[in-house]
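Please look over the sequence and the structure before reading on.

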Amino acid sequence: MSQSQAAPQVAQTQVTHLPVATRQVGRLAQSLMAMTLGLFIVGVVGFSHIDVIHNAAHDVRHSNAFPCH
Amino acid sequence: MSTFRSIVFSSVIAGFIVGLIVTAVQQFGTVPLILKAEVYEKAAEHKHEAAAPPRVTLVHDHADHDHGAEAWEPRDGLERNVYTAGANILTAIGFGLLLCGFLAVRSGATGEPISWHEGLMWGLAGFAIFTIAPGLGLPPELPGVPAAPLLSRQVWWTTTVLATSAGLGLIVFRRSAPAAIAGVVLIMLPHLIGAPELEHVETNVPSSLSHQFVVAVTLTSLVFWSLLGSLTSAAFAYFDRPASA
């Protein structure tokens, strides 16, 4: 009996339906962007040849077996 | 919430927790061994300096970075450990972004959220790709142990990581015998070519210390990837859930 009362609310809800392929591409592009950012961070912390970064992250580079020295 | 934001939130939260826990684990595992090795490293430097003052004698390029008077480095003790914690957190966030980006593509393709247990499995794949595979050719090294030129080792490390992940990808996602064979060959290839190494290695760091270090690094890394995989996937499943109407 309460179903008939709830029905108008459901009908008013607006949902944007993008084509599935578009959503998938958007998700893929955003994921790749995040992965690129991750690689950049790991690259700077673990592989940068800049002295100051090397010295700050020295123990971490050795502990992660990144090539060091 | 957009996928990108979900990935970033998940990675930052998981990375922060994992970075702090791993820093604590390293204090008992790898860091004491690094500090011991540095005693040998400094002793060797002084000996060499006394024996042949004009020459820089250790094979790796010390003059370039860590003992140069001009290059800043954190003071031993708290300051050094704070920077280590920061670098650990950043490393965990970086690898977390990489892992979570992959999980997002995967859950997008299957239409199902990734469970913490599946995340743990992908974390272990990260352990195989980023620790085990490059560690076979370039075992974790203590300070004071001479090694081949840095850039050549970084190139081999990166190539091995790429080949191993591509090889595992072929085995896991292309379920055919030829793909599996190609995957195994691809994983083996960088090791058949061989990691860059010195012909003659002379160090006063005891080999028992180096061996302990390999074990400590591998176990710490196992903790790192297990935690990162399960926490990142659990956080991503939370942030990426469909918005309720």
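Which residues of the largest nonpolar core touch the most other members? Of its 43 residues, they are B:Ile7, B:Val18, B:Leu99, B:Cys100, B:Leu103, B:Leu228 and B:Phe236. A nonpolar core is a set of buried Ala, Val, Leu, Ile, Met, Phe, Trp, Tyr and Cys residues joined through C-beta atoms within 7 Å. A residue is buried if 20 or more other C-beta atoms lie within 10 Å of its own, exposed if 12 or fewer, and partly exposed in between, with C-beta atoms placed from the backbone.

The model is predicted: local features need pLDDT of at least 70 and side-chain atom pairs count only at pLDDT 80 or more, while totals for chains, interfaces and linings use all residues. Residues are numbered from 1 along each chain as its sequence is written, and chains are lettered from A and ligands numbered from 1 in the order in which they are written.

Helices here are DSSP runs (H or I, at least four residues), numbered from the N terminus. Helix 3 of chain B gives the most to this core, 13 residues. Apart from this core lies another, of 14 residues, including A:Phe66 and B:Leu142.

Between the chains, 50 residues of chain B are in contact with 32 residues of chain A; contact means C-beta atoms, placed from the backbone, within 7 Å. Helix 3 of chain B supplies the largest share of chain B's side, 18 residues. That side has 29 nonpolar, 18 polar and three charged residues. Asp, Glu, Lys and Arg count as charged, Ala, Val, Leu, Ile, Met, Phe, Trp, Tyr, Cys and Pro as nonpolar, and the others, Gly among them, as polar.

| Residue | Contacts in chain A | Contacts in chain B |
|---|---|---|
| B:Ile7 | A:Ser31, A:Ala34 | B:Leu97, B:Cys100, B:Gly101, B:Ala104, B:Phe236 |
| B:Leu98 | A:Met35, A:Gly38, A:Leu39 | – |

B:Leu98 lies in helix 3 of chain B and counts as buried because it has 24 C-beta neighbours inside 10 Å.

In helix 3 of chain B, residues including B:Phe95 and B:Leu99 meet residues of helix 7 of chain B, among them B:Leu228 and B:Phe236. The residues of this contact are eight nonpolar, four polar and no charged.

Methods:
Contact = placed C-beta atoms within 7 Å. Helix = DSSP H or I, 4+ residues; strand = E, 2+ residues; numbered from the N terminus. Lists of a residue's contacts leave out its neighbours within four places in sequence.
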